[in-house]
Amino acid sequence: MDLTEHRVPVAGGEVRADDGGTDGLPLVLLHPGITDARIWDPVLPRLVAGHRVIRYDVRGFGRSAPPTVPFSPVKDLAAVLDHFEVPRAVLVGSSLGGATAISLALDDPGRVAGLVLLCPGVTGYEGLTSPELMAQIEALATAGDMDGLVELSMRTWAAAGTAPDAEAAAQIRGAIPAWFTNHAFQQADAPAFDRLGELRMPCLLALGEQDQPEVVRCNEEMAARIPGCRLVRLPTCDHLPTLRAPQAVSELILGHCDSLK
């Protein structure tokens, strides 16, 4: 794949991004909060064959340095688009990346030609993560138990995999430090759940039927609120659909882009 790495300036720091592919409608790939931008590797070859593709590591994840100043995920996304001189793109967001994509689509709809949301989060939704899970994460983090955090994360978000599921485990292990380095600096973007009805660009939302029940319920409610949203259920997927069903995910992204022409 012919992707070039860039250092992209953002407020008070920088993020590492890749840019490449063809001259087709730009796709911007936004990773989940439990992995970094490598999560897109299984689908990249098909995407870059017909589109310009940009992906980046959120501050603290992957190749991007941890934040040292307060930052907004949606403002960082806008800065990435500005850096690459992309006036309008299809945003493909997974989990946390989906929440950021929605926030930009509400803040600046003219920049978003379409949305592909994979097991997305959304700001302003109560009950997306159970208090019990957060308590377990806090206890393991306090104890410095990285192995325990990985095991809990695998049971919670990667339950559809087959042991040892080394790729998912490695990605999750690599992302966990960002949960703690980002905590004091990441600013929550404005609540978006109650504004989903304002979205007017074509939207596809794919949920993993083996994901957490709270996420599945949230995704169903999101799809019901977004006007004209196409809801797709992926029966073999958990919270990592690009690892579990890369061909199906590639076809959904490319099909959605074709529908925009």
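The model is predicted, so local features need pLDDT of at least 70, side-chain atom pairs count only at pLDDT 80 or more, and totals for chains, interfaces and linings use all residues. Residues are numbered from 1 along each chain as its sequence is written, and side-chain values use heavy atoms, with hydrogens and water left out.

Start with the sheet. Strands of a sheet pair through backbone hydrogen bonds, either parallel or antiparallel. Here eight strands form an open sheet with mixed pairing. Their order is β1-β2-β4-β3-β5-β6-β7-β8. Strands (E, at least two residues) and helices (H or I, at least four) are DSSP runs, numbered from the N terminus. Two strands pair if DSSP finds at least two bridges between them. β1 (3-10) and β8 (230-234) are the edge strands, each pairing on one side only. From one strand to the next, the twist averages 20°.

Now look inside the sheet. β3 (residues 27-30) runs parallel to β5 (residues 89-94), and four bridges pair them. L30 has G93 in β5 as its bridge partner. Helix α2 (residues 73-83) lies across β1, β2 (13-21), β3, β4 (52-56) and β5. Contact here means heavy atoms within 4.5 Å. The helix runs at about 125° to β1. Such angles run from 0 to 180 degrees between N-to-C directions, and the axes are lines fitted to C-alpha atoms, for helices over the stretch in contact.

Next come the empty spaces. Rolling a probe the size of a water molecule over the atoms shows where empty space is left. The search uses a 1 Å grid over the protein atoms alone. A cavity is a set of points where a 1.4 Å probe fits but cannot get out. A pocket is an open set with protein on both sides within 12 Å along at least five of seven lines. Lining residues have an atom within 4 Å of a point. Grid points are joined across faces, edges and corners, and a volume is the space filled by probe spheres set on the points.

The largest pocket holds about 1200 Å³ of space. It has 35 lining residues, and G33, L96, T129, M134 and Q186 are the closest to its centre. α3 (96-107), α4 (131-142) and α6 (166-181) each give two or more residues to this lining. By class, the lining has 19 nonpolar, 14 polar and two charged residues. Ala, Val, Leu, Ile, Met, Phe, Trp, Tyr, Cys and Pro count as nonpolar, Asp, Glu, Lys and Arg as charged, and the others, Gly among them, as polar.

How many cavities of 30 Å³ or more does the whole structure have? There are two. The largest cavity has a volume of about 70 Å³. Its lining includes L30, Y56 and L96. α3 gives the most to this lining, with three residues. The second largest cavity holds about 40 Å³. Among its lining residues are S103, L106 and R195.

Finally, check two backbone details. Most residues other than glycine have a negative phi, and most peptide bonds are trans. S95 has a positive phi, near 55°. This residue sits in the loop between β5 and α3. A163 and P164 are joined by a cis peptide bond, with omega about 5°. P164 lies in the loop between α5 (146-157) and α6.
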